[in-house]
Amino acid sequence: MSKAELNKQWIFKLFLELITQQETRDSKFAVRFGEEKRKVEFELDQKLDLNLSEVHLIACIGDHGPINVTTISEKTDLTKGSVTRITQKLLAMDLIKKQQLHDNKKEVYFRLTAKGQKLYKIHDRVHREIEQRFMHLLDKYTPEQLTFARELLQDLLEWDF
């Protein structure tokens, strides 16, 4: 077997391992976020029963608010129905608030409340820490290797297995 074929087999094996590890890494992130969330729950004196989709919706509103259901749906890849369901839950928990423009009473926009802002800041901080560690990992590669890695990852995203 040629060296190129052996490398392809190793890449495939590592790709499968990476997919498998994703569940473990998601769990680690959830644990880290859960620890931070408990601190906020204590500070707010309120239990926050949220999943990651709900937290990411809070992050979207924090990044782009005021924002409507359609735009949230586009930015999060959630259906409008899911966004509506999640926003109802977040409204009930006083993490977001609705507002309407003076000239358009039909269109509803969402903003974060003070409680939602605190949660948003925690999520943002955890993501920045992960990104900084990832950038540090990439520091060991040459510009050519980084270009190849970017192209490979883009191809993997577009690949339909």
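# A tour of salt bridges and helix contacts

Select Lys115: with a relative accessible area of 24%, Lys115 is partly exposed. Here buried means under 20% relative accessible area, exposed means over 50%, and partly exposed is in between (1.4 Å probe, protein chains only). The structure is a predicted model, in which local features need pLDDT of at least 70 and side-chain atom pairs count only at pLDDT 80 or more, while totals for chains, interfaces and linings use all residues. Residues are numbered from 1 along each chain as its sequence is written, and side-chain values use heavy atoms, with hydrogens and water left out.

**Salt bridges**

Asp94 sits in the loop between helix 4 (80–92) and strand 1 (96–101), and Lys115 in helix 5 (residues 114–138), so the pair ties together parts that are 21 residues apart in sequence. Helices (H or I, at least four residues) and strands (E, at least two) are DSSP runs, numbered from the N terminus. Asp94 is partly exposed, at 38% relative accessibility.

A salt bridge is a side-chain nitrogen of Lys or Arg within 4 Å of a carboxyl oxygen of Asp or Glu. Side chains of opposite charge can pair when their charged atoms come close. In the whole structure, a search finds 5 salt bridges.

Next, select Lys8 and Glu5. Their side chains meet in a salt bridge (3.4 Å, N to O). Both residues are in helix 1 (residues 3–44), 3 residues apart, which is about one turn of the helix. Is Lys8 buried or exposed? Lys8 is exposed, with a relative accessible area of 53%, while Glu5 is partly exposed at 36%.

Go to helix 5 and select Glu129 and Arg125. This pair forms a salt bridge whose closest N and O atoms are 3.6 Å apart. The two residues are 4 residues apart in helix 5, about one helical turn. Glu129 has a relative accessible area of 31% and is partly exposed; Arg125 is also partly exposed, at 29%.

**Helix 1 against helix 5**

Now show helix 1 and helix 5 together. Their axes come within 10 Å and cross at roughly 150°. Axes are lines fitted to C-alpha atoms, for helices over the stretch in contact, and angles run from 0 to 180 degrees between N-to-C directions. Angles under 35 degrees count as roughly parallel, over 145 as roughly antiparallel, 65 to 115 as roughly perpendicular and the rest as oblique. Helix 1 and helix 5 are therefore roughly antiparallel to each other. Residues making the contact include Phe29, Phe33 and Val40 of helix 1, and Leu119, Ile122 and Val126 of helix 5. Contact means heavy atoms within 4.5 Å. The residues of this contact divide into 8 nonpolar, 2 polar and 9 charged. Ala, Val, Leu, Ile, Met, Phe, Trp, Tyr, Cys and Pro count as nonpolar, Asp, Glu, Lys and Arg as charged, and the others, Gly among them, as polar.

**Helix 3 against helix 4**

Last, select helix 3 (residues 69–76) and helix 4. They pack at an angle of about 110°, with their axes 9 Å apart. That makes helix 3 roughly perpendicular to helix 4. Val69, Thr70, Ile72, Ser73 and Thr76 of helix 3 meet Lys80, Val83 and Thr84 of helix 4. These residues divide into 3 nonpolar, 4 polar and 1 charged.

Finish on Ser73, which is found in helix 3. Ser73 counts as buried, at 12% relative accessibility. Which residues is Ser73 in contact with, leaving aside its neighbours within four places in sequence? They are Leu78, Thr79, Lys80 and Val83.
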